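Take a walk through this protein model. We begin at one residue and then step back to the whole chain.

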Amino acid sequence: MDSQYSEIRKDYRTGYYSVIVPGRDHRPKELEIEDEGAKNLKDCPFEPDTVDRVNLEIMHVNEPWTTMVIRNKFPELEGHTPLEYENGFFSSISGYGYNEVLIESPKHFDKFENMNLKKSLEWLNTLIEREEDLYSRNYIKHVMVFKNYGASGGASIGHPHTQIIAWPEILGTPAIEIEIAKNYLKENNSCIYEDAIKKEEGRILFETEKIIAIAPYGSRFAGESMILPKRHVNYIMDLSQEEKEELVEGLKKLIQTNKKLFGEQAYNFVIHENKKEKDYHMHIEVYPRLSNLAGIELGQNVFVNTMVPEDYTKKFKEIVGSI
Ligand SMILES: [Zn+2]
Ligand SMILES: [Zn+2]
């Protein structure tokens with residue numbers, strides 16, 4: 001792409017369109033990253049002294065605790081809701097499911113990207129344990145894991161945490177990606193993500209023996225990336241020990257490098273995977289939150305990305321050193 005002109009790109013994973021606009025300022029300006037809870041730790045519900053062990057349902061804890069998983073106190077979905085479907089002009093599914101929160105550390109100011117390898121693996125293995133349990137429950141078809149960091153990333157609590165939602169159906173972007181991956185497999189007899197690894201040549205951020213990080217061609221956000229195992233793995237539990245290690249180290253490297261590149265920022269990451277959908281290739285998407293969603297994003301589901309993914313790749317590599 002001529003860096004002077006903008007371009008409308010289709011994301012091969014989702015079919016979503018993004019307008020890639022070169023040459024704007026990428027410094028986060030008004031987006032909030034401050035943590036209200038930090039002003040008074042007594043107000044933080046995830047502190048060792050404040051976490052309500054009596055009333056909260058604790059799903060996982062080690063003692064003395066370093067990682068704890070609790071049922072979300074304000075869940076969007078609940079497991080004791082009867083699962084009912086309404087089909088017709090107005091279609092709906094009752095709010096059956098589970099919301100859990102993985103508290104990554106007892107320490108409020110610990111940062112995900114600064115965890116050591118042992119701690120990162122504990123985080124990943126705790127997620128695997130929770131996913132296994134949730135997938136074993138009646139009607140659960142999809143477990144979504146994601147992290148919101150910073151107020152404009154949607155985090156209402158500053159204490160380091162990851163969220164887990166178990167759904168009775170595969171909904172939204174993962175459903176679209178799975179359908180696209182299945183159709184691609186049928187037509188090309190190969191996995192779209194493995195083909196992407198081969199084709200994304202100019203947008204590879206870094207790679208190790210088992211994993212690779214890419215700035216996807218049709219990125220919706222400035223500084224968007226995805227990290228994935230090179231081998232076909234659809235479910236997080238099927239990762240080998242080496243893949244787990246390289247994946248968590250790589251994920252932290254993405255967040256650390258984005259911080260050097262864009263300054264302190266809110267961000268989200270999401271784990272796209274599914275236990276039963278064998279054709280899906282697991283990947284983690286990372287979105288720095290450098291701008292607010294506006295009318296075009298909300299009204300048309302077309303995203304304006306002010307950083308050409310190739311430029312992001314170039315800047316990223318300047319920081320981490322060439323691969
Ligand atoms: Zn705290
Ligand atoms: Zn694959």
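Asn72 sits in the loop that links β4 (68–71) and β5 (85–86). Strands here are DSSP runs of E with at least two residues, helices are runs of H or I with at least four, and both are numbered from the N terminus. The model is predicted: local features need pLDDT of at least 70, side-chain atom pairs count only at pLDDT 80 or more, and totals for chains, interfaces and linings use all residues. Residues are numbered from 1 along each chain as its sequence is written, and side-chain values use heavy atoms, with hydrogens and water left out.

Is Asn72 buried or exposed? Its relative accessible area is 18%, so Asn72 is buried. Buried means under 20%, exposed over 50%, and partly exposed in between, using a 1.4 Å probe and protein chains only. What does Asn72 touch? Setting aside neighbours within four places in sequence, Asn72 is in contact with Asn99, Glu100, Val101 and Gln163. Contact means heavy atoms within 4.5 Å.

Now step back. The protein has six helices and 15 strands. Of its 323 residues, 52% are buried. Take the contacts between residues at least 6 apart in sequence: 68% of them join residues at least 24 apart.

Last, the overall size. The C-alpha atoms fill a box of roughly 60 × 50 × 40 Å along the principal axes. The radius of gyration is 20 Å, which agrees with the value near 20 Å for a compact globule of 323 residues. That radius is taken over C-alpha atoms, and the globule rule is 2.2 Å times the number of residues to the power 0.38.

Notes. Chains are lettered from A and ligands numbered from 1 in the order in which they are written.
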